Amino acid sequence: MLHLHPTRVSLLHRLDPRVKSVTAFALILGILITPPHTWRAYPLIWTLLACVAVISQLSAWKLGLQAGIALPFTLVAMTLLFTTQGRPIMMIGGLVIPDSGLARFLEIVIKSWLAMQVTLLLTKTTDFTDLLRGLRGLGISETLVATLNVMYRYLFILKDESERLIRARASRSGKSGGYSSGGTLLWRAKITGGMVGNLFLRSYERSERIYMAMVARGYDGRMPYTPLPPLKRRDVVLGLIPIICMAMIQIVVR
Amino acid sequence: MITPVLAMHIPDGFLSIPVSVVGWLLFIAILVYALRQTRKQLGEHRIPLMGIMAAFVFAAQMLNFPVAGGTSGHLLGATLVSIFLGPWAMIVVMTCVVGVQAVLFQDGGILALGFNIVNMGVISGLVGYTVYTWLTKILPRTTVSQWVGAGIGAWLSVVVASIATALQLVVSGTSAFDVVLPAMVGVHLLIGIGEALITVATIAFVHQTRPDLLQARADNRGARWIAVGFIIALSLVFVSPWANPNPDGLERVAEDYGFIDTAQDPAYTILPDYTVPFIESDIFTTIVAGIIGVIVVSSLGLGVAYVAKRKPISSDQTPV
């Protein structure tokens, strides 16, 4: 599912995480400020992202697909097609679709889709811990970054814990033919609440153990942090290239 | 696989740039304050505690329970975390949760992240926390009062957060007031019930096994003020279109761009059927009006209770 520890080494994988984060943010901003009805911009932006994907040894096609799958709200936004005022352009199943509704719907979906590809490019080419180091290097609060680090380290452990609880519930939830399983809604909610509480206590006690282990290793309230090497001019230039391309696209299409 | 299951994640493209910027500024200001408070209140224990709790919220959202018709309910969690850790640590925890959901799971946008955190963390958690602490204070000191407080707090936290989300979409010109509001609020009136049930059951479980963890935390007065501020601000926005006989900006934008049903509910929330908002909007207007009434009254009550009860800070409760 996730490339949590990207192994492929490309230009983009090696790029400084500080530069990558800023560039990604700028690209997303660039996508979102595209004015309405400038349809020419979107293929150009996609080409730019596809180029970045190719440089990162990622398939632009798969990237687009993945960004598409991650858009469940597209279906929800569909209703826009039918509820907008405008010049009717086509009929689907007896429902009139106005031009303005279609345009607005497409714009939102395309922008979301493109922005999501930028996020995917960033996470697929950057180890999450490197990303956090980059954020720390950009001056984000030490506490926040350290908390995110702990969270990330234990995310999958607690996920497993959660799965154990679900398995235990499932193995005790017999169903015999003809009888419905489970009790009332209230009863089911109570069981789930008990599981959440159980998970909370396990997590809480784990945090106490972690704290003690940290103290045992000399923790004094400051998280050790290996600073990133100073920014290389080459990395900055590389990070600026897509931003400049985006700026040019925005100028050309207007 | 970890499935991010929080509703209400606004993706990029759905909020206008100015609205996104306001969201980020609001979020940064509150987060900076919250970080300072957690340093004061939790000391050096805060990093492992908040980190684990953020992972806990993620994992807890996987624990679902069947509701009806193949749909299932699950926890959103801000109220629960604020009851256990206090509001400031909750804000840091929810920042991590919503941030990781956006970056690693592409659930919610990057530019929309500011308001996503404000909605699902700050507003949701602070409203839940404020209602919980207030109700447990005014009701008789029994376990049941605690449950009532947690339940109403959790329910309101979801509903108020959904109202805030809807309003941001309206102000962004992404949808019309009278479409998105009934849709969002309607769905979350029901989602909130699931939230309330699980929160109460969790509190009851912890009360039974580790009652010491449910003790009141250190002074969190500022949190209540922020919550009250948000509620009053939301109520004002609500009242303004009705008070103005000639609504200009919002209506115009809505006409230009049309409505989008942005009921932000991916397929995995409780009642996907309700995301289609063509239900008698009169009824919803009444319901919504009722909710606002409740919120306004309770915020007034809170204000009065606060002014009447200015007691010195009791900092003997040192959090673990």
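Figure 1. We start with Asp130(A), which is partly exposed, at 29% relative accessibility. Please keep in mind that everything shown here comes from a predicted model. Asp130(A) forms a salt bridge with Arg133(A), and the closest N and O atoms of the two are 3.6 Å apart. The two residues sit three positions apart in helix H8 of chain A, so about one helical turn separates them. Arg133(A) is partly exposed too, with a relative accessible area of 27%. Over all chains, the structure holds eleven salt bridges, and several of the following views return to them.

**Figure 2. Arg206(A) and Glu161(A) join two helices of chain A.** Here the side chains of Arg206(A) and Glu161(A) meet in a salt bridge, at 3.3 Å from N to O. Arg206(A) belongs to helix H10 of chain A and Glu161(A) to helix H9 of chain A, so this pair ties together parts that lie 45 residues apart in sequence. Are these two partners buried or exposed? Arg206(A) is buried, with a relative accessible area of 17%. Glu161(A) also counts as buried, at 8% relative accessibility. Widening the view brings in Arg164(A) and Arg202(A): through salt bridges that share partners, they form one network with Glu161(A) and Arg206(A).

**Figure 3. Chain A meets chain B.** This view takes in the interface, where 75 residues of chain A are in contact with 72 residues of chain B. The size of an interface is often given as the accessible area lost when the parts come together. Between them, chain A and chain B bury about 6800 Å², and 78% of that is on carbon and sulfur atoms. Which residues of chain A lose the most area to chain B? They are Met151(A), Phe200(A) and Tyr204(A), together accounting for 10% of what that side buries.

Figure 4. Across the interface of chain A and chain B, the rule finds one salt bridge. Arg210(B) and Glu205(A) meet through their side chains in a salt bridge, at 3.0 Å from N to O. Arg210(B) has a partner within chain B as well: Asp212(B) forms a salt bridge with Arg210(B), the closest N and O atoms being 3.1 Å apart. Asp212(B) is partly exposed, with a relative accessible area of 43%. Seven residue pairs are found in polar contact across the interface of chain A and chain B, both residues of each pair being at pLDDT 80 or more. Several helices give two or more residues to the side of chain A that touches chain B, including helix H2 (17–32), helix H7 (99–125), helix H9 (142–171) and helix H10 (185–216) of chain A. H10(A) gives the most to this side, with 25 residues. Sorted by class, the side of chain A that touches chain B has 47 nonpolar, 18 polar and ten charged residues.

**Figure 5. Aromatic rings in chain A and between the chains.** A search of the whole structure finds eleven aromatic pairs over all chains. How are the rings of Tyr211(A) and Tyr219(A) arranged? Their centres are 6.4 Å apart and their planes stand at 90°, so the pair is edge-to-face. Tyr211(A) counts as partly exposed, at 21% relative accessibility, whereas Tyr219(A) counts as buried, at 9%. Residues of both chains come together in another group of rings: Phe200(A), Tyr204(A), Phe56(B) and Phe84(B) are linked into a cluster by ring pairs.

**Figure 6. An aromatic pair in chain B, with the chain around it.** The rings of Tyr33(B) and Trp88(B) have centres 5.0 Å apart and planes at 80°, so this pair is edge-to-face. Tyr33(B) lies in helix H1 (residues 17–42) of chain B and Trp88(B) in helix H4 (residues 87–105) of chain B; the pair links distant parts of the chain, 55 residues apart. Tyr33(B) is partly exposed, with a relative accessible area of 38%, while Trp88(B) counts as buried, at 2%. Stepping back, chain B has ten helices and two strands. Along the sequence, chain B follows the pattern α-α-β-β-α-α-α-α-α-α-α-α. Of the 320 residues of chain B, 62% count as buried. Among contacts in chain B between residues at least 6 apart in sequence, 81% join residues at least 24 apart.

Terms used. Residues are numbered from 1 along each chain as its sequence is written. Chains are lettered from A and ligands numbered from 1 in the order in which they are written. This is a predicted model: local features need pLDDT of at least 70, side-chain atom pairs count only at pLDDT 80 or more; totals for chains, interfaces and linings use all residues. Side-chain values use heavy atoms; hydrogens and water are left out. Contact means heavy atoms within 4.5 Å. Buried area is the accessible area (1.4 Å probe) that two parts lose on being put together, summed over both. A salt bridge is a side-chain nitrogen of Lys or Arg within 4 Å of a carboxyl oxygen of Asp or Glu. A polar contact is a pair of N or O atoms within 3.5 Å; within protein, one must be able to donate a hydrogen and the other to accept it, and residues adjacent in sequence count only if both atoms are side-chain atoms. Helices (H or I, at least four residues) and strands (E, at least two) are DSSP runs, numbered from the N terminus. Ala, Val, Leu, Ile, Met, Phe, Trp, Tyr, Cys and Pro count as nonpolar, Asp, Glu, Lys and Arg as charged, and the others, Gly among them, as polar. Rings of Phe, Tyr and Trp (its six-membered ring) pair if their centres lie within 6.5 Å; planes under 30 degrees apart count as stacked, over 60 as edge-to-face and the rest as tilted. Buried means under 20% relative accessible area, exposed over 50%, partly exposed in between (1.4 Å probe, protein chains only).
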